Amino acid sequence: MASEEIAKIAEDFEDEVEDVKASSGGVAFAVVLEAPKAEEPPPEIVVALQKTAGGSPRDKEEINSKLARAEERRREFLESKLEAVRTDEDRRAEVLAKQREEELKFIQQTKKKLETDWEVVNQNIEAKKKLFEQSCKEREARIEEVLGKRASLTGA
């Protein structure tokens, strides 16, 4: 009986083989025109079909629980994004506050330096005025001295 089955399979195989071809390397191969047929689908497909088919309450509960978990994940994702945005805004506010503080500090330092420089300029101006007045007085005194000597030489 087994030999009859083997003979039948061999006949079927010969019917399926159209031609034996040789490649350029000398290796022969057979071309099968039909794929083998399975009578029952694999067990993985049967299990998947059983899970998806039917509207049992368990399936509805499973769907609802999956939807609830998906909603929770969405909320967590949105919360994490909002937290990241808040953190960025806080950091930006800190940076802007620090920048404003540094600008005010710079303005105050510059103002103080300008005031100090202005005081020095005013002191220099006052010193030049005094020096000019003193040189004018010395010149007038010298002129009066020369005029006095001249008058004494002419009048003597």
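Trainee: Where is leucine 104 placed?

Mentor: In helix H3, residues 57-155; helices (H or I, at least four residues) and strands (E, at least two) are DSSP runs, numbered from the N terminus. This is a predicted model, where local features need pLDDT of at least 70, side-chain atom pairs count only at pLDDT 80 or more, and totals for chains, interfaces and linings use all residues. Residues are numbered from 1 along each chain as its sequence is written, and side-chain values use heavy atoms, with hydrogens and water left out.

Trainee: Is leucine 104 buried or exposed?

Mentor: Exposed, at 53% relative accessibility. Buried means under 20% relative accessible area, exposed over 50%, partly exposed in between (1.4 Å probe, protein chains only).

Trainee: What share of the chain is buried?

Mentor: 1% of the 156 residues.

Trainee: Other topic. How many salt bridges are there?

Mentor: Nine. A salt bridge is a side-chain nitrogen of Lys or Arg within 4 Å of a carboxyl oxygen of Asp or Glu.

Trainee: Which residue does glutamate 145 pair with?

Mentor: Lysine 149, with the closest N and O atoms 3.8 Å apart. Glutamate 145 is partly exposed, at 39%.

Trainee: Which residues form a salt-bridge network?

Mentor: Glu71, Glu72, Arg74 and Arg75, joined by bridges that share partners. Glutamate 71 bridges to arginine 75 at 3.8 Å between the closest N and O atoms, and glutamate 72 also meets arginine 75 (3.8 Å, N to O).

Trainee: And how do the elements run from the N terminus?

Mentor: α-β-β-α-α, which comes to three helices and two strands.
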